[in-house]
Amino acid sequence: MNRLMRTAAALVLAVPACAACLGSADYRMDVKLDAAARTLTGTQEIRWVNESPRTAGELQFHLYYNAFKDENSSFLNSNRMRTRDFSDWREDEWGSIELKLLVVKARDGSVEYDLTDFLEFVRNDDGNPLDETVVEAPLPEPVQPGQTLEILTEFEVKVPRTFARTGFRGDYFFLAHWFPKLGVLEDEGWNTHQFIQTEFYSEFGDYDVSLTVPAGWVVGATGTAEAAADNGDGTVTHRFRQERVHEFAWTTSPRFREYFEDFTHPTLRPVRMRLLLMPEHEGQQRRYFDATAAALRYYGEWFGEYPYDHVTVVDPAYRSGTGGMEYPTLFTGGTRWLQPQGSGDPEGVTIHEYGHQIWYGVVANNEFEDAWLDEGFNSYSTRRVKLEAFGRDQLVRRYLDGFLPYLFPEIEVAERTASGLGGPFSALKWDQMDVPSWRYGPAPVRGAAPPPQRRSRVYGPGAYSINSYTKPALMLQTLEGYLGWDVFQQVLSTYFERWKFRHPAPEDFFAVADEVSGQELEWFWDQTYRSSHVFDYAVDGVVERAGGGQRVLLRRWGEGIFPLEVRIEFADGRAVTERWDGRARWTYYDFFTGEDDPVIAVYLDPEGKLALDVNETNDSWVREAPARQAARKWSLKWMIWLQHTMQWFAFYG
C-alpha cells in the first residue's frame with residue numbers, strides 16, 4: 001500500500017459514526033486558503049449511506065467551480081448568463097476545481113480502491129462535451145441499499161472573480177459550492193444534474209470543516225465556530241461544525257466588523273445573530289438585526305421554527321456580486337453606503353435570504369427540478385413578512401450618477417403583480433411550471449451544440465425567473481385568497497413540519513394542501529402548475545336595458561377559470577356583492593333601478609384574491625371618473641416633489 005493509500009485508510013477509519021443523522025452524507029474537510037494565489041487546497045472525508053432502494057455501481061460528484069472554467073461551460077451559456085460580457089476577465093480570474101485523489105473503502109473494510117484514474121465527466125442534461133460540472137467514478141464493488149461507503153478525496157480549487165454567488169473581490173472571499181459534492185442517489189439512479197442555470201440539491205448530513213486563512217482575517221461559515229488555532233506561520237485555522245444541513249458555505253476578509261445580538265421569543269427557540277459588516281456600512285447594523293429578528297419571528301410563528309441556535313448574516317463587499325445568497329445558517333444581505341430608512345433594503349433582502357433558511361435549508365426540495373418550491377414559496381413568504389414588519393417601500397430616486405438617494409415618503413412603491421404580464425405574448429405562457437427547472441432554457445453552446453435529437457428536449461424559452469419566482473408566488477397568493485389566510489397558514493405550517501429535513505416534491509405539497517383545506521384542489525394545480533393558462537377577467541361595461549334598469553356585463557378573456565366576487569355600487573349608497581363561478585366566457589347581472597338610482601361602480605374581485613389576473617385595469621368600471629379628485633391628488637404630489645427638488649438644489653447649489 002503506497003503513502004496515499006495508507007493516508008486514506010487512516011483517514012476513513014477516523015470518520016465517526018452518525019447514528020442520529022437524518023441525512024446520508026457526512027463531510028469532514030480540512031481546507032487551506034492561499035489568499036494571494038486565490039486557491040484552496042483540501043482533503044475531504046465522506047461517510048455515505050446508500051439510503052435508496054437501488055444498488056450503486058458508481059459514484060457521481062458535482063464539481064460546480066468548473067462552471068467558471070471558461071465560457072464553454074453550460075452555465076455560462078445558459079439563458080440567465082448568455083448576455084454577460086467576459087471580455088475583461090483576465091486569465092487568472094477564471095475558476096476551476098480538480099479532483100487530485102478519489103479513494104473508496106471496500107465493503108469488507110479491508111481494501112481501499114484508488115479511483116482517481118477512472119474519473120469521467122458526465123453530461124446527461126445537454127450533451128455539451130465542454131462542460132465539466134459532473135464527474136463519475138465506477139465502483140469495483142457495488143454498494144447495496146443500507147450499506148455504508150467511506151470516501152476520501154484531495155482537491156484543488158482556483159477561486160474565480162466573484163460571479164454568480166461565489167469568488168473573490170480583492171481581500172474578500174465568498175466560497176459557495178466550492179468542494180466536490182456527492183450527488184443524490186434516488187430510486188431511478190443518480191440525480192446529479194449539470195450546473196446549467198438552476199439552484200442545487202444534496203443530502204442532509206453533518207459537517208465538520210477546518211478552514212485555514214491568514215491571521216487577522218474574520219471567518220463566517222455554516223455552523224458553530226470552535227476555538228481557532230494559531231499555526232505560528234501567519235495563518236489561523238478555524239473549525240466549524242453543524243449537524244442536519246445539506247451544504248457548507250463560508251466567507252473571509254480582514255475588513256469584516258463583527259456584531260452579535262440575541263433573538264428571543266416566548267414560544268420560539270433563542271437564536272444568536274451574528275453580523276459581519278463591511279466598514280463602509282457602519283451604522284446599518286440595527287437595520288440588519290431588526291430585519292433578521294422580524295424574519296425569525298414571523299417565519300417561526302407562521303410557517304416553521306428555525307431549527308438552529310445561531311445564524312450568520314454577511315454584508316457583502318462592494319460590487320462583489322455575492323449579495324442576496326442563502327446557505328444553511330449563513331446568508332448574505334445587501335445595502336449601500338447611503339440607503340434611506342423605508343427604501344426597502346437591507347430589510348427586504350435580509351428577510352428574503354433568511355426565508356431560504358426555511359424553504360431551502362430545512363424543507364430541502366430538488367431545486368434542479370422544482371426551484372419554485374423554494375424560490376416561489378420564499379417570494380410569497382417574503383412579501384407577507386415584509387408588509388407585516390415594515391409596511392410598503394417608499395419611492396427612492398438617486399441623483400449624481402446614482403450616488404445620492406432621495407426618499408419620497410408620501411409615495412409608496414406598488415407591489416409587483418401579474419398585471420402587465422398579459423396579452424398574447426405573456427411571459428406566463430412561456431412554459432409550464434411542471435417542466436423541470438433546469439430545462440427552462442439554456443442557450444446553445446458555442447462550438448459545441450448538443451446532438452439534434454436532444455436540442456428540442458433541452459432548450460426552452462428562458463422561463464426560469466417567471467416560473468421559479470413570479471408565477472409561483474402569485475399562485476400561492478391566489479390560493480391564500482381562495483382558502484383564506486387562516487386555512488392557508490395551516491397548510492404551510494403543516495407542510496413544513498411534515499417535510500422538514502426531507503426532500504419533498506410538488507405532489508407532496510399538493511397532498512398537504514388538499515388534506516388541510518379539506519378540498520380537492522386538482523382544478524387549481526391543473527391550471528397553474530400543469531399548464532400555462534393565464535387568468536384575465538374584466539368588467540365589460542354597464543348598459544341600459546330596453547325595459548328599464550341596467551345590465552352589468554362581465555367577461556373571461558383568459559383561459560384560466562377561477563371563482564370571483566363582484567361588487568356593484570349604486571347612487572343611493574347601496575352595494576350588492578354577487579358571486580360568479582367564472583366558468584363561462586361571459587355573464588351578466590340585471591338590476592331594475594330607477595333613473596335616479598343607477599349603477600355607479602362595478603368592482604370585479606374587489607379584495608384582489610386572484611393575484612394571477614394579468615390585467616387589473618379592466619377589473620373595474622365607474623360611471624363618472626373622479627377626474628378632479630385625481631388631478632388634485634397628483635398636482636399636490638408634484639408640488640411636494642417640486643418643493644423638495646428646489647430645496648435640494650438650494651442646499652447643494
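Student: In this predicted model, does Glu93 count as buried or exposed, and at what relative accessibility?

Tutor: The cut-off for a buried residue is a relative accessible area under 20%. Glu93 falls under that limit and therefore counts as buried, with a relative accessibility of 7%.

Student: With which residue does Glu93 form a salt bridge, and how far apart are the closest N and O atoms?

Tutor: In general, side chains of opposite charge can pair when their charged atoms come close. The cut-off for such a pair is a side-chain nitrogen within 4 Å of a carboxyl oxygen. For Glu93 the partner is Arg90, and the closest N and O atoms are separated by 3.3 Å.

Student: How many salt bridges does the count come to by this rule?

Tutor: The rule asks for a side-chain nitrogen of Lys or Arg within 4 Å of a carboxyl oxygen of Asp or Glu. Applied to the model, it brings the count of salt bridges to 38.

Student: Where in the chain are the two residues of the salt bridge between Arg241 and Asp208, and how many residues apart are they?

Tutor: The side chains of Arg241 and Asp208 meet in a salt bridge with an N to O distance of 3.6 Å. This pair links distant parts of the chain, since Arg241 belongs to strand S18 (residues 235–245) and Asp208 to strand S14 (residues 205–214), the separation being 33 residues.

Student: Which accessibility class does each of the two residues, Arg241 and Asp208, fall into?

Tutor: Buried means under 20% relative accessible area and exposed means over 50%, with partly exposed in between. Arg241 has 42% relative accessibility and so counts as partly exposed, whereas Asp208, with a relative accessible area of 9%, is buried.

Student: Why does the salt bridge between Glu258 and Arg274 tie together separate parts of the sequence?

Tutor: The side chains of Glu258 and Arg274 meet in a salt bridge at 2.7 Å, N to O. Glu258 lies in strand S20 (residues 257–263) while Arg274 lies in strand S21 (residues 271–277), so the parts that this pair ties together are 16 residues apart in sequence. As for accessibility, Glu258 is partly exposed at 39%, and Arg274 is buried at 12%.

Student: How do the axes of helix H4 and helix H6 cross, and at roughly what angle?

Tutor: The axes of H4 (residues 372–390) and H6 (residues 464–483) come within 7 Å of each other and cross at roughly 55°. That angle makes H4 oblique to H6. H4 passes H6 in a crossing that is right-handed, and the angle asked for is roughly 55°.

Student: Is the crossing of H4 and H7 left-handed or right-handed?

Tutor: The axes of H4 and helix H7 (residues 485–499) come within 14 Å and cross at roughly 135°. That makes H4 oblique to H7. As for the handedness of the crossing in which H4 passes H7, it is left-handed.

Student: How far apart in space are Ala295 and Lys386?

Tutor: Ala295 is a residue of helix H2 (residues 285–302), and with 0% relative accessibility it counts as buried. Ala295 and Lys386 are 91 residues apart in sequence, and their C-alpha to C-alpha distance is 8.3 Å.

Student: What is the phi of His177, and where does His177 lie?

Tutor: His177 lies in the loop between strand S10 (172–175) and strand S11 (181–182), and it counts as buried because its relative accessibility is 5%. Its phi is positive in a residue other than glycine, with a value near 55°.

Student: Which residues make the nonpolar surface patch of about 370 Å²?

Tutor: One of the members, Leu400, is found in the loop between strand S25 (394–399) and strand S26 (404–412). Leu400 is exposed, because its relative accessible area is 54%. The residues that make the patch are Trp337, Leu400 and Phe403.

Conventions:
Residues are numbered from 1 along each chain as its sequence is written. This is a predicted model: local features need pLDDT of at least 70, side-chain atom pairs count only at pLDDT 80 or more; totals for chains, interfaces and linings use all residues. Side-chain values use heavy atoms; hydrogens and water are left out. Patches are made of residues with over 30% relative accessible area and no salt bridge: like charges are joined within 9 Å, nonpolar side chains (Val, Leu, Ile, Met, Phe, Trp, Tyr) within 5 Å. Accessible areas come from the Shrake-Rupley method with a 1.4 Å probe; for residues, only the protein chains shown count as cover. Helices (H or I, at least four residues) and strands (E, at least two) are DSSP runs, numbered from the N terminus. Buried means under 20% relative accessible area, exposed over 50%, partly exposed in between (1.4 Å probe, protein chains only). Axes are lines fitted to C-alpha atoms, for helices over the stretch in contact, and angles run from 0 to 180 degrees between N-to-C directions. Angles under 35 degrees count as roughly parallel, over 145 as roughly antiparallel, 65 to 115 as roughly perpendicular and the rest as oblique. A crossing is left-handed if the near helix is turned anticlockwise from the far one by less than a right angle, and right-handed if clockwise.
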